Amino acid sequence: MQIQFENWGIVEMNYSLLNNKERREENTFDLKFKKVFSNKNKNFFRIIFYLTLSDKKFNLDIEAMFNFVTDEEISEEFKDSHFFKINAPAIAYPYLRAFVSNLTLQSGVAPVILPTINFVKFENPID
């Protein structure tokens, strides 16, 4: 089966700069994702990331979708494969990482570089 990353986009985003009293000492980072299959198009699936970043100076919440197409119908067996827990998120995540770096750089705060993630050991998928 041939699988192609088709496109991606930000579904929802909330960025808020903290005032001096609200600023915190440490940054926190939370990332979750889920896989979504289409009932109409059996050759399409989507990975949706949910990112929450609490920086020392701002809060950032992002929901981002990453669309993939296949040259064959996606079988139930393939839906349960590691591809959707490991490979597809690993293909999509660098785009989200670059977006966050560019967004923070252009927002006038120190650019944030999200950590790299080993999706083989990642334990935050939403089923």
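Analyst: In this predicted model, a nonpolar patch on the surface is formed by Trp8, Ile10, Met13 and Tyr95, which together have about 330 Å² of accessible area. Strand β1 supplies the largest share of this patch, namely three residues. Trp8 is one of the patch residues, and its place is in strand β1. With a relative accessible area of 30%, Trp8 is classed as partly exposed, because that class lies between the limits of 20% for buried and 50% for exposed.

Strand β1 covers residues 3-17 and runs antiparallel to strand β4, residues 58-70, with 13 bridges joining the two. Within this pairing, Phe5 stands opposite Phe68 in β4. Strand β4 has a further pairing, with strand β3 (residues 44-54), again in the antiparallel sense and over 11 bridges. There, Thr52 has Asp61 of β4 as its bridge partner.

The charged contacts complete the picture. The count of salt bridges comes to two. In one of them, the side chains of Lys32 and Asp30 meet at 3.0 Å, N to O. Both partners are partly exposed: Lys32 has 30% relative accessibility, and Asp30 has a relative accessible area of 29%.

The side chains of Lys79 and Glu76 form a salt bridge as well, at 3.1 Å, N to O. Lys79 and Glu76 belong to helix α1, residues 76-79, and because they are three residues apart there, about one helical turn separates them. The two partners fall into opposite classes of accessibility. Lys79 is buried, at a relative accessible area of 18%, since the limit for that class is under 20%. Glu76, in contrast, counts as exposed at 56% relative accessibility, as this value is over the 50% limit.

Note on methods. Residues are numbered from 1 along each chain as its sequence is written. This is a predicted model: local features need pLDDT of at least 70, side-chain atom pairs count only at pLDDT 80 or more; totals for chains, interfaces and linings use all residues. Side-chain values use heavy atoms; hydrogens and water are left out. A salt bridge is a side-chain nitrogen of Lys or Arg within 4 Å of a carboxyl oxygen of Asp or Glu. Buried means under 20% relative accessible area, exposed over 50%, partly exposed in between (1.4 Å probe, protein chains only). Helices (H or I, at least four residues) and strands (E, at least two) are DSSP runs, numbered from the N terminus. Two strands pair if DSSP finds at least two bridges between them. Patches are made of residues with over 30% relative accessible area and no salt bridge: like charges are joined within 9 Å, nonpolar side chains (Val, Leu, Ile, Met, Phe, Trp, Tyr) within 5 Å. Accessible areas come from the Shrake-Rupley method with a 1.4 Å probe; for residues, only the protein chains shown count as cover.
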